[in-house]
Amino acid sequence: DGYQCQLCGCKLGEVCNLHYAPVSQLDVAHIVPWTVSHDSTLANVRLLCHPCNKREAHGTLGQPVFT
C-alpha cells in the first residue's frame, strides 16, 4: 500500500491535512470487525494511519482527531 493510509491517503512521516499532525504509525485494521467476522485474511484487512483507525473504531470517521 506504499506506506499510505487507505482512508485519508496520508503517508508515513507526512503531516496530514486531515489530522493536523504527522503520521507516525500505520495500523493493520479489519474492514469487518474481528469480533463479528473472526476473519484476519488479507481480504478483510487494510492499512490505516493510527488516527483514522481510532476514528473508525469510535464511529467518528467524519470528525478530525488532534493526536
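Which residues make up the largest nonpolar core?

## Nonpolar core

In this predicted model, the largest nonpolar core consists of 8 residues, namely C5, C10, C16, V23, A29, L48, C49 and C52. One of these core members, C5, is in contact with C10, L26, L47, L48, C49 and C52 when its neighbours within four places in sequence are left aside.

## The buried residue N44

N44 is situated in the loop between α1 (34–37) and β4 (45–49), and with a relative accessible area of 5% it counts as buried, because the limit for that class is under 20%. Its side chain is joined to the side chain of S37 by a polar contact of 3.4 Å. If residues up to four places away in sequence are not counted, N44 touches A29, H30, I31, V32, S37 and D39, and A29 in this list also belongs to the largest nonpolar core.

## Nonpolar surface patch

I31, V32 and V36 together make a nonpolar surface patch of about 250 Å².

## Positive phi values

Y3, a residue other than glycine, has a positive phi near 55 degrees; Y3 lies in the segment before β1 (15–16) and is exposed, at 61% relative accessibility.

H38 is likewise not a glycine, and its phi is positive at about 55 degrees. H38 is located in the loop between α1 and β4, where its relative accessibility of 53% places it in the exposed class.

Terms used
Residues numbered from 1 in each chain as written. Predicted model: local features only at pLDDT ≥ 70, side-chain atom pairs only at ≥ 80, totals over all residues. Heavy atoms only, no water. Helix = DSSP H or I, 4+ residues; strand = E, 2+ residues; numbered from the N terminus. Buried < 20%, exposed > 50% of the residue type's maximum accessible area, 1.4 Å probe, protein only. Polar contact = N/O pair within 3.5 Å; in protein donor to acceptor, adjacent residues only side chain to side chain. Contact = heavy atoms within 4.5 Å. Core = buried A, V, L, I, M, F, W, Y, C linked by side-chain atoms within 4.5 Å. Patch = residues over 30% accessible without salt bridge, like charges linked within 9 Å, V, L, I, M, F, W, Y side chains within 5 Å. Areas by Shrake-Rupley, 256 points an atom, 1.4 Å probe, with all protein chains shown as cover. Salt bridge = Lys/Arg side-chain N within 4 Å of Asp/Glu carboxyl O.
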